[in-house]
Amino acid sequence: MSNITYTPLPSNLAWNEASPEWMSKGDNAWQLIAATLVGLQSVPGLIILYGGAVKKKWAVNSAFMALYAFAAVLVCWVCWGYRLSFGDKLIPIWGKLDVALEQKFLLEKAFAGAFPNATMVFFQFVFAAITLILIAGALLGRMNFHAWMLFVPLWLTFSYTFVAFSIWSLEGWLATMGIIDYSGGYVIHLSSGVAGFTAAYWVGPRLTKDRERFPPNNIILMLAGAGLLWMGWTGFNGGDPYSVSTDASLAVLNTHVCAATSLLTWLILDISFFGKASVIGAVQGMITGLVAITPAAGVVQGWAAILMGLCSGSIPWFTMMVVHKRSGLLQKVDDTMAVFHTHAIAGCLGGILTGLFADPHLCFLFYGDYKQYVGLFYGFRRGLGHDGIRQIGIQLLGILFVVVVNVIITSIVCLVIQLIVPLRMSDEDMEIGDEAAHGEEAYAIWGQGDRLHENSRFSAYNDLEDPEKKTKGAGNVEMM
């Protein structure tokens, strides 16, 4: 028997106090990168998407709602949100209240993956943050910013944490049943779509003239935000295996295949029925594809990703373009960015299709031996029809749970806030927009930020102080 000589590990791979034996440097690095990609979807992705997609007078307010939510969620997340969502079980839908700030906890191994809790806390934070920002999309153009400041921590605490623990915590009741939500089709997209629609009902509509005509102020800027959203989904779905694995690679590829298929499907339907290729429609199709593949990204094969893209580009298109116009309820509720269709409908669709197309082998790569997961099609094909039917049943139960929780909790949150501050801005302030809400406007008309509109309260004050400026300003207007 030959002697085996072991070569010492290079110093950069050797274990030490800062790099313990259980930690994978590669997995930790990828997880932090994936989290950053998801963070970039919100800041600046959705900030500039919202800022460009709304009427000019709402650009600052819409972008600021997203920025505020990102910051507020992070503070709430480390103080109580993370442990309520992923901590020790208190009840089947909620973890025990605790902070995620202490060194001892943050440097320990996370509940999954080969990296520390600090990495997991940050990774899960960016998902919580984008959920609130997606809800904001349904409320743009009229919600009182002070009410939004209260809504974010309350909804995060009493709605998001319930659903996240139930579905993603290893001790959550739906998780133990065997629900498949690879990366947030339920926890993020279905939740945000239903909560956004419910909150829009309680907040009330925009001004009638804004509902009738609400043109984007900068479509190119909106496209830049949409591009960040799309590319950021590499981390959104690619980070959820918690390792640099073959399943992560598959999830990334499936994500982009489904998104592209959905975009093209939506585009073809727009051309076929309206005669023009709409860039706004293309963005909607891209989003519905990304949402639909999210619960399935790493557990379905490539052909299933294409089929899901065909469905996500057509079914939400039909609900938005046809059903919406014929439904009294959908017409009554003013969902500014159509979050109900792009996230709630697409999220439901993705959850159901996951129950059909989930490949048992790919589920094993993702879940290990935690549960037996069998899509309905594979169940019939392999003589496991009962397991396939059970999987569909669990997926449907998850949809029902998320819808009920979000309708009830979001309604309660809005009613409580309404006792403190108005949910909706006054009609007078909505006529003005950003300047009434924040004292700022998005675009300078000329010079060093001087405003064209003489009814600006700041311009009016300056004109009273400097009559010559008013005369010069009037001359400039005449020249334009």
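Guide: Before we start: Ala, Val, Leu, Ile, Met, Phe, Trp, Tyr, Cys and Pro count as nonpolar, Asp, Glu, Lys and Arg as charged, and the others, Gly among them, as polar. You're looking at a predicted model, where local features need pLDDT of at least 70 and side-chain atom pairs need 80 or more, while totals for chains, interfaces and linings use all residues. Numbering runs from 1 along each chain as its sequence is written, and side-chain values use heavy atoms, without hydrogens or water.

Visitor: What volume does the largest pocket have?
Guide: A pocket here is an open set of points on a 1 Å grid over the protein atoms alone, where a 1.4 Å probe fits, with protein on both sides within 12 Å along at least five of seven lines. Points are joined across faces, edges and corners, and the volume is the space filled by probe spheres set on them. For the largest pocket that gives about 1100 Å³.

Visitor: Which residues lie closest to its centre?
Guide: Lining residues have an atom within 4 Å of a point, and 37 residues line the largest pocket. The closest to its centre are I280, Q284, M320, T336 and A338.

Visitor: Which element gives the largest share of that lining?
Guide: Helices are DSSP runs of H or I, at least four residues, numbered from the N terminus. Those giving two or more residues to the lining include α1 (25-53), α10 (246-274), α12 (302-326) and α14 (339-357). The largest share is five residues, and it comes from α11.

Visitor: By class, how many nonpolar residues does the lining have?
Guide: Let's clear the others away: nine are polar and seven are charged. The nonpolar count is 21.

Visitor: On to the rings: how are F122 and F125 paired, stacked, edge-to-face or tilted?
Guide: Rings of Phe, Tyr and Trp (its six-membered ring) pair if their centres lie within 6.5 Å, with planes under 30 degrees apart counted as stacked, over 60 as edge-to-face and the rest as tilted; the model has 31 such pairs. F122 and F125 have ring centres 6.1 Å apart and planes at 35°, so they come out as tilted.

Visitor: How do W173 and F401 pair up?
Guide: W173 is partly exposed at 25%, whereas F401 is buried at 14%. Their ring centres lie 5.3 Å apart with planes at 85°, so the pair is edge-to-face.

Visitor: And how many residues apart are they?
Guide: W173 is in α6 (residues 173-177) and F401 in α17 (residues 385-418). The pair links distant parts of the chain, and the separation is 228 residues.

Visitor: Over the face of which ring does R83 lie?
Guide: A charge sits over a ring if NZ of Lys or CZ of Arg is within 6 Å of the ring centre and within 35 degrees of the ring normal. R206 does this with F214, at 4.5 Å. R83, at 4.0 Å from the ring centre, lies over F105.

Visitor: Which side chain makes a polar contact with that of S191?
Guide: A polar contact is a pair of N or O atoms within 3.5 Å, one able to donate a hydrogen and the other to accept it; residues adjacent in sequence count only if both atoms are side-chain atoms. S191 is in α7, and its side chain also has the backbone oxygen of Y186 at 3.2 Å. The side-chain partner, at 3.3 Å, is N406.

How values were computed
Buried < 20%, exposed > 50% of the residue type's maximum accessible area, 1.4 Å probe, protein only.
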